[in-house]
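Please look at the sequence and the structure before reading on.

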Amino acid sequence: MTDIYPTIIRPILFSGLKADPEWLHQQTLRSLNWLDVRAPLIAKQWVLSRLNQSYCLRDDRLKQTLWGQDFSNPIGLAAGFDKDGIAANLWSGFGFGFAELGTVTFHAQPGNPRPRLFRLPVDRAALNRMGFNNQGAAALAQRLQGLHDAKIPLGVNLGKSKVTPLEAAAVDYLESFKLLKKWGDYFVVNVSSPNTPGLRSLQSTDQLEPILSALQAENQAQKPLLIKIAPDLEWEAIADVLSLAQQYNLAGIIATNTTIRRDGLKTETIQATGNSVAEEAGGISGAPLRQRSTEVIRFIYQQTQGRLPIVGVGGIFTAEDAWEKITAGASLIQVYTGWFYEGPGMVRRVLEGLLQKLDEHELHSLQDAIGLDHLKP
(Lines give C-alpha, C1' and ligand atoms only; values in the text may rest on other atoms or scores of the structure.)
Protein backbone atom coordinates (compact mmCIF):
# COMPACT_ATOMS: atom_id res chain seq x y z
CA MET A 1 0.00 0.00 0.00
CA THR A 2 2.83 2.41 0.77
CA ASP A 3 5.17 1.36 -2.03
CA ILE A 4 3.02 2.46 -4.97
CA TYR A 5 2.89 6.13 -4.01
CA PRO A 6 6.33 7.26 -5.29
CA THR A 7 6.26 5.03 -8.37
CA ILE A 8 2.63 5.30 -9.51
CA ILE A 9 0.45 7.72 -7.55
CA ARG A 10 2.87 10.65 -7.26
CA PRO A 11 3.72 10.77 -10.99
CA ILE A 12 -0.01 10.82 -11.77
CA LEU A 13 -0.69 13.58 -9.27
CA PHE A 14 2.33 15.68 -10.17
CA SER A 15 2.49 15.21 -13.94
CA GLY A 16 -0.37 13.19 -15.34
CA LEU A 17 -3.30 15.15 -13.95
CA LYS A 18 -1.61 18.56 -14.23
CA ALA A 19 -3.98 19.65 -11.48
CA ASP A 20 -3.51 22.69 -9.27
CA PRO A 21 -1.71 21.53 -6.10
CA GLU A 22 -4.09 23.50 -3.90
CA TRP A 23 -7.12 21.85 -5.52
CA LEU A 24 -5.62 18.41 -4.86
CA HIS A 25 -4.93 19.44 -1.29
CA GLN A 26 -8.52 20.55 -0.78
CA GLN A 27 -9.89 17.36 -2.33
CA THR A 28 -7.78 15.30 0.07
CA LEU A 29 -9.13 17.18 3.08
CA ARG A 30 -12.71 16.95 1.82
CA SER A 31 -12.36 13.19 1.38
CA LEU A 32 -10.96 12.79 4.88
CA ASN A 33 -13.72 14.97 6.33
CA TRP A 34 -16.35 12.87 4.54
CA LEU A 35 -14.79 9.72 5.98
CA ASP A 36 -14.81 11.19 9.47
CA VAL A 37 -18.25 12.79 9.47
CA ARG A 38 -20.48 11.13 6.87
CA ALA A 39 -19.17 7.69 5.97
CA PRO A 40 -21.12 4.70 7.32
CA LEU A 41 -19.63 3.60 10.63
CA ILE A 42 -18.62 0.15 9.37
CA ALA A 43 -16.82 1.71 6.38
CA LYS A 44 -15.07 4.25 8.59
CA GLN A 45 -13.92 1.58 11.01
CA TRP A 46 -12.59 -0.57 8.17
CA VAL A 47 -10.64 2.30 6.60
CA LEU A 48 -9.21 3.39 9.95
CA SER A 49 -8.15 -0.18 10.67
CA ARG A 50 -6.36 -0.36 7.32
CA LEU A 51 -4.67 3.00 7.91
CA ASN A 52 -3.52 1.85 11.32
CA GLN A 53 -2.04 -1.38 9.94
CA SER A 54 -0.28 0.34 7.05
CA TYR A 55 0.97 3.62 8.48
CA CYS A 56 1.23 3.40 12.28
CA LEU A 57 4.24 2.21 14.24
CA ARG A 58 4.26 2.04 18.02
CA ASP A 59 7.38 1.52 20.06
CA ASP A 60 8.03 2.66 23.62
CA ARG A 61 11.48 3.92 22.60
CA LEU A 62 9.83 6.63 20.51
CA LYS A 63 7.64 7.94 23.32
CA GLN A 64 8.24 11.08 25.32
CA THR A 65 6.33 13.39 27.63
CA LEU A 66 6.58 17.09 26.90
CA TRP A 67 4.60 19.91 28.51
CA GLY A 68 2.75 17.28 30.53
CA GLN A 69 1.46 15.60 27.36
CA ASP A 70 2.28 12.18 25.97
CA PHE A 71 3.68 11.94 22.45
CA SER A 72 3.70 8.39 21.06
CA ASN A 73 6.35 9.45 18.53
CA PRO A 74 8.16 12.67 17.60
CA ILE A 75 6.70 13.25 14.12
CA GLY A 76 3.94 15.82 13.75
CA LEU A 77 1.97 17.26 10.87
CA ALA A 78 3.08 20.88 10.44
CA ALA A 79 0.74 23.85 10.43
CA GLY A 80 -0.66 24.82 7.06
CA PHE A 81 -1.86 21.40 5.96
CA ASP A 82 -5.10 21.32 7.95
CA LYS A 83 -5.79 24.98 8.63
CA ASP A 84 -9.39 24.51 9.77
CA GLY A 85 -9.10 21.18 11.58
CA ILE A 86 -11.10 19.45 8.85
CA ALA A 87 -9.38 16.10 9.41
CA ALA A 88 -8.21 16.57 13.00
CA ASN A 89 -9.76 13.27 14.10
CA LEU A 90 -7.82 11.27 11.52
CA TRP A 91 -4.18 12.33 11.59
CA SER A 92 -3.28 9.70 14.18
CA GLY A 93 -4.32 7.09 11.60
CA PHE A 94 -1.46 8.19 9.33
CA GLY A 95 1.06 7.54 12.09
CA PHE A 96 1.56 11.08 13.35
CA GLY A 97 2.46 11.58 17.00
CA PHE A 98 0.80 15.01 16.99
CA ALA A 99 -0.69 17.52 14.56
CA GLU A 100 -0.69 21.31 14.40
CA LEU A 101 -3.82 22.97 13.05
CA GLY A 102 -3.98 26.43 11.47
CA THR A 103 -2.62 28.91 10.84
CA VAL A 104 -5.90 30.37 12.09
CA THR A 105 -6.72 34.08 12.36
CA PHE A 106 -9.35 35.88 14.44
CA HIS A 107 -11.15 37.07 11.30
CA ALA A 108 -11.99 34.54 8.61
CA GLN A 109 -10.12 35.42 5.41
CA PRO A 110 -9.79 34.09 1.85
CA GLY A 111 -6.01 34.45 1.63
CA ASN A 112 -4.05 35.68 -1.36
CA PRO A 113 -5.15 35.45 -5.01
CA ARG A 114 -4.70 32.10 -6.78
CA PRO A 115 -2.60 30.40 -7.96
CA ARG A 116 -0.69 30.51 -4.68
CA LEU A 117 0.83 27.05 -4.22
CA PHE A 118 3.47 25.67 -6.58
CA ARG A 119 5.57 22.52 -6.65
CA LEU A 120 9.28 22.65 -7.47
CA PRO A 121 9.91 18.92 -8.05
CA VAL A 122 13.51 19.24 -9.20
CA ASP A 123 14.28 20.94 -5.87
CA ARG A 124 11.96 18.69 -3.82
CA ALA A 125 10.37 21.91 -2.66
CA ALA A 126 7.22 23.98 -2.72
CA LEU A 127 6.55 27.69 -3.01
CA ASN A 128 3.47 29.00 -1.26
CA ARG A 129 1.90 32.39 -0.70
CA MET A 130 -1.41 31.18 0.72
CA GLY A 131 -1.84 34.17 3.02
CA PHE A 132 -3.46 32.46 6.03
CA ASN A 133 -6.65 31.42 4.20
CA ASN A 134 -8.95 30.02 6.92
CA GLN A 135 -12.48 30.05 8.30
CA GLY A 136 -11.53 31.97 11.43
CA ALA A 137 -10.90 31.18 15.08
CA ALA A 138 -14.58 30.85 16.04
CA ALA A 139 -15.17 28.20 13.38
CA LEU A 140 -12.11 26.21 14.47
CA ALA A 141 -13.17 26.45 18.12
CA GLN A 142 -16.58 25.07 17.26
CA ARG A 143 -15.05 22.19 15.30
CA LEU A 144 -12.56 21.31 18.05
CA GLN A 145 -15.28 21.42 20.67
CA GLY A 146 -16.96 18.52 18.91
CA LEU A 147 -13.81 16.38 18.62
CA HIS A 148 -13.68 13.11 20.50
CA ASP A 149 -11.29 10.83 18.63
CA ALA A 150 -8.10 12.78 17.87
CA LYS A 151 -5.97 10.37 20.00
CA ILE A 152 -2.90 12.64 19.65
CA PRO A 153 -1.99 16.13 20.93
CA LEU A 154 -3.38 18.87 18.70
CA GLY A 155 -1.62 22.21 18.52
CA VAL A 156 -3.15 25.44 17.24
CA ASN A 157 -1.06 27.87 15.20
CA LEU A 158 -2.21 31.50 15.61
CA GLY A 159 -1.63 34.23 13.02
CA LYS A 160 -2.58 37.88 12.60
CA SER A 161 -5.61 38.75 10.50
CA LYS A 162 -4.64 40.67 7.37
CA VAL A 163 -7.23 43.40 8.07
CA THR A 164 -5.77 44.06 11.51
CA PRO A 165 -3.10 46.80 11.60
CA LEU A 166 0.31 45.76 12.91
CA GLU A 167 -0.08 48.05 15.92
CA ALA A 168 -3.21 46.08 16.94
CA ALA A 169 -1.61 42.65 16.45
CA ALA A 170 -1.56 41.78 20.17
CA VAL A 171 -5.33 42.17 20.46
CA ASP A 172 -5.89 40.10 17.31
CA TYR A 173 -3.79 37.19 18.60
CA LEU A 174 -5.42 37.50 22.01
CA GLU A 175 -8.97 37.29 20.67
CA SER A 176 -8.13 34.12 18.74
CA PHE A 177 -6.52 32.61 21.82
CA LYS A 178 -9.54 33.40 24.00
CA LEU A 179 -11.80 31.48 21.62
CA LEU A 180 -9.49 28.48 21.30
CA LYS A 181 -7.62 28.14 24.59
CA LYS A 182 -9.89 25.38 25.92
CA TRP A 183 -9.48 23.20 22.86
CA GLY A 184 -5.83 23.23 21.80
CA ASP A 185 -3.21 21.13 23.57
CA TYR A 186 -0.54 23.72 22.79
CA PHE A 187 -0.46 27.05 20.95
CA VAL A 188 1.99 28.65 18.54
CA VAL A 189 2.48 32.35 17.86
CA ASN A 190 3.20 32.59 14.15
CA VAL A 191 5.02 35.84 13.41
CA SER A 192 7.20 34.39 10.67
CA SER A 193 5.08 33.74 7.58
CA PRO A 194 6.27 35.82 4.62
CA ASN A 195 2.77 35.92 3.12
CA THR A 196 1.00 38.49 5.33
CA PRO A 197 2.29 42.04 4.79
CA GLY A 198 4.52 43.16 7.63
CA LEU A 199 4.03 40.04 9.72
CA ARG A 200 7.71 39.18 10.01
CA SER A 201 8.39 42.58 11.55
CA LEU A 202 6.51 41.26 14.60
CA GLN A 203 9.57 39.13 15.39
CA SER A 204 11.37 42.26 16.58
CA THR A 205 11.54 42.62 20.36
CA ASP A 206 9.48 45.81 20.62
CA GLN A 207 6.60 44.36 18.58
CA LEU A 208 6.75 40.77 19.86
CA GLU A 209 6.79 41.63 23.55
CA PRO A 210 3.23 43.08 23.70
CA ILE A 211 1.88 39.96 21.94
CA LEU A 212 3.55 37.55 24.35
CA SER A 213 2.60 39.68 27.35
CA ALA A 214 -1.08 39.75 26.37
CA LEU A 215 -1.24 36.04 25.63
CA GLN A 216 0.52 34.92 28.80
CA ALA A 217 -1.61 37.24 30.95
CA GLU A 218 -4.68 35.49 29.56
CA ASN A 219 -3.07 32.07 29.58
CA GLN A 220 -1.97 31.97 33.22
CA ALA A 221 0.46 29.17 32.22
CA GLN A 222 -2.38 26.71 31.63
CA LYS A 223 -1.43 25.89 28.01
CA PRO A 224 2.04 25.53 26.46
CA LEU A 225 2.77 28.58 24.31
CA LEU A 226 5.46 28.44 21.61
CA ILE A 227 6.72 30.81 18.93
CA LYS A 228 7.53 29.96 15.32
CA ILE A 229 10.45 31.84 13.80
CA ALA A 230 11.75 32.45 10.30
CA PRO A 231 14.95 30.83 8.99
CA ASP A 232 16.03 34.17 7.56
CA LEU A 233 16.64 35.89 10.90
CA GLU A 234 20.20 36.84 11.81
CA TRP A 235 21.72 35.15 14.86
CA GLU A 236 21.39 38.28 16.98
CA ALA A 237 17.68 38.53 16.18
CA ILE A 238 17.16 34.87 17.10
CA ALA A 239 18.98 35.47 20.38
CA ASP A 240 16.63 38.38 21.09
CA VAL A 241 13.61 36.13 20.50
CA LEU A 242 15.09 33.54 22.86
CA SER A 243 15.49 36.17 25.57
CA LEU A 244 11.81 37.06 25.25
CA ALA A 245 10.88 33.39 25.21
CA GLN A 246 12.61 32.91 28.53
CA GLN A 247 11.24 36.16 29.97
CA TYR A 248 7.65 35.14 29.17
CA ASN A 249 8.10 31.46 30.06
CA LEU A 250 7.37 30.14 26.60
CA ALA A 251 7.18 26.37 26.31
CA GLY A 252 9.35 26.12 23.21
CA ILE A 253 10.43 27.33 19.77
CA ILE A 254 9.40 26.04 16.35
CA ALA A 255 12.31 26.28 13.93
CA THR A 256 11.59 27.16 11.22
CA ASN A 257 8.99 28.63 8.89
CA THR A 258 9.50 28.95 5.12
CA THR A 259 12.33 30.97 3.62
CA ILE A 260 12.21 33.94 1.27
CA ARG A 261 15.66 33.10 -0.10
CA ARG A 262 15.93 31.74 -3.63
CA ASP A 263 19.66 31.05 -3.94
CA GLY A 264 20.64 27.50 -4.77
CA LEU A 265 17.35 26.56 -6.42
CA LYS A 266 17.56 24.54 -9.62
CA THR A 267 14.07 25.64 -10.69
CA GLU A 268 14.25 28.72 -12.87
CA THR A 269 10.66 29.21 -13.98
CA ILE A 270 7.28 28.53 -12.36
CA GLN A 271 5.46 26.65 -15.09
CA ALA A 272 1.97 27.68 -13.96
CA THR A 273 2.73 31.40 -14.27
CA GLY A 274 5.64 31.57 -16.69
CA ASN A 275 7.53 33.81 -14.27
CA SER A 276 10.99 33.22 -12.89
CA VAL A 277 11.06 31.77 -9.39
CA ALA A 278 12.93 34.87 -8.23
CA GLU A 279 9.99 37.06 -9.28
CA GLU A 280 7.34 35.00 -7.49
CA ALA A 281 6.37 36.06 -3.99
CA GLY A 282 6.05 33.46 -1.24
CA GLY A 283 8.02 31.16 1.00
CA ILE A 284 10.05 28.13 -0.02
CA SER A 285 9.63 24.89 1.93
CA GLY A 286 11.10 21.43 1.53
CA ALA A 287 14.63 20.22 0.87
CA PRO A 288 16.26 23.66 0.27
CA LEU A 289 15.34 24.58 3.86
CA ARG A 290 16.85 21.50 5.52
CA GLN A 291 20.35 22.74 6.29
CA ARG A 292 19.37 26.22 7.47
CA SER A 293 16.60 25.01 9.76
CA THR A 294 19.02 22.52 11.34
CA GLU A 295 21.58 25.29 11.86
CA VAL A 296 18.93 27.37 13.64
CA ILE A 297 17.97 24.39 15.83
CA ARG A 298 21.61 23.86 16.75
CA PHE A 299 22.02 27.55 17.63
CA ILE A 300 18.89 27.60 19.82
CA TYR A 301 19.96 24.46 21.66
CA GLN A 302 23.39 25.94 22.33
CA GLN A 303 22.04 29.31 23.44
CA THR A 304 19.52 27.78 25.83
CA GLN A 305 21.76 24.87 26.92
CA GLY A 306 19.00 22.49 25.88
CA ARG A 307 16.51 23.86 28.39
CA LEU A 308 13.97 25.18 25.86
CA PRO A 309 12.22 22.46 23.83
CA ILE A 310 12.58 22.83 20.06
CA VAL A 311 10.23 21.60 17.35
CA GLY A 312 12.28 21.13 14.19
CA VAL A 313 10.69 21.60 10.78
CA GLY A 314 12.12 22.13 7.33
CA GLY A 315 13.24 19.68 4.65
CA ILE A 316 12.52 16.39 6.40
CA PHE A 317 12.08 13.56 3.91
CA THR A 318 13.99 10.65 5.43
CA ALA A 319 15.02 9.16 8.77
CA GLU A 320 18.46 10.69 8.21
CA ASP A 321 16.89 14.14 7.92
CA ALA A 322 14.87 13.56 11.09
CA TRP A 323 17.88 12.24 13.00
CA GLU A 324 19.87 15.31 11.97
CA LYS A 325 17.23 17.61 13.49
CA ILE A 326 16.88 15.57 16.69
CA THR A 327 20.60 15.23 17.37
CA ALA A 328 20.97 18.98 16.69
CA GLY A 329 18.51 19.59 19.53
CA ALA A 330 14.92 19.09 18.41
CA SER A 331 12.63 17.21 20.79
CA LEU A 332 9.88 16.96 18.17
CA ILE A 333 9.84 17.36 14.40
CA GLN A 334 7.19 18.30 11.86
CA VAL A 335 6.66 17.48 8.20
CA TYR A 336 4.60 18.99 5.39
CA THR A 337 6.32 19.21 2.01
CA GLY A 338 8.25 15.98 2.53
CA TRP A 339 5.04 14.14 3.41
CA PHE A 340 3.39 15.37 0.23
CA TYR A 341 6.35 14.24 -1.88
CA GLU A 342 6.98 10.93 -0.12
CA GLY A 343 3.38 9.90 0.49
CA PRO A 344 1.43 8.65 3.50
CA GLY A 345 3.91 5.84 4.18
CA MET A 346 6.62 8.36 4.99
CA VAL A 347 5.93 8.64 8.73
CA ARG A 348 6.27 4.92 9.33
CA ARG A 349 9.44 4.70 7.22
CA VAL A 350 11.04 7.57 9.15
CA LEU A 351 10.08 6.03 12.50
CA GLU A 352 11.54 2.68 11.45
CA GLY A 353 14.73 4.49 10.46
CA LEU A 354 14.89 6.31 13.79
CA LEU A 355 14.64 3.02 15.65
CA GLN A 356 17.55 1.73 13.57
CA LYS A 357 19.52 4.85 14.49
CA LEU A 358 18.87 4.21 18.18
CA ASP A 359 20.16 0.66 17.78
CA GLU A 360 23.26 1.83 15.91
CA HIS A 361 24.10 4.32 18.66
CA GLU A 362 23.12 1.91 21.46
CA LEU A 363 20.56 4.36 22.85
CA HIS A 364 17.57 3.26 24.91
CA SER A 365 15.12 5.94 23.80
CA LEU A 366 14.69 8.87 21.47
CA GLN A 367 15.10 11.26 24.38
CA ASP A 368 18.69 10.07 24.67
CA ALA A 369 19.31 11.32 21.11
CA ILE A 370 18.09 14.89 21.61
CA GLY A 371 21.07 17.23 21.27
CA LEU A 372 23.46 14.29 20.89
CA ASP A 373 25.69 16.22 18.49
CA HIS A 374 26.50 18.73 21.22
CA LEU A 375 28.08 16.01 23.36
CA LYS A 376 30.63 15.09 20.70
CA PRO A 377 34.21 16.29 21.31
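Buried residues account for 57% of the 377 residues in the chain. The model is a predicted one. Its secondary structure consists of 11 helices and 15 strands.

The table collects some overall values for the chain.

| Property | Value |
|---|---|
| Span of the C-alpha trace along the principal axes | about 50 × 50 × 45 Å |
| Distance between the centres of the positive and negative side-chain sets | 6 Å |

The radius of gyration of the chain is 19 Å, which agrees with a compact globule, because a globule of 377 residues would have a value near 21 Å. Among contacts between residues at least 6 apart in sequence, 74% link residues at least 24 apart. The charged side chains number 37 positive and 38 negative.

Now to the interior. In soluble globular proteins, nonpolar side chains tend to be buried together. The largest nonpolar core here has 88 residues, and W91, F96, Y173, L180 and W339 touch the most other members. Helix α11, residues 346–360, supplies the largest share of this core, with seven residues. Another core lies apart from it and has 12 residues, including L66, V188, L226 and V311.

What does W91 touch, leaving out residues up to four places away in sequence? Its contacts are L29, L32, L77, F81, D82, F96, A99, I152 and W339. Two of these, F96 and W339, are also listed with W91 among the core residues that touch the most other members.

Terms used. Residues numbered from 1 in each chain as written. Predicted model: local features only at pLDDT ≥ 70, side-chain atom pairs only at ≥ 80, totals over all residues. Heavy atoms only, no water. Core = buried A, V, L, I, M, F, W, Y, C linked by side-chain atoms within 4.5 Å. Buried < 20%, exposed > 50% of the residue type's maximum accessible area, 1.4 Å probe, protein only. Helix = DSSP H or I, 4+ residues; strand = E, 2+ residues; numbered from the N terminus. Contact = heavy atoms within 4.5 Å. Rg over C-alpha atoms; globule rule 2.2 N^0.38 Å. Lys, Arg positive; Asp, Glu negative; His and termini not counted. Charge placed at Lys NZ, Arg CZ, Asp CG, Glu CD.
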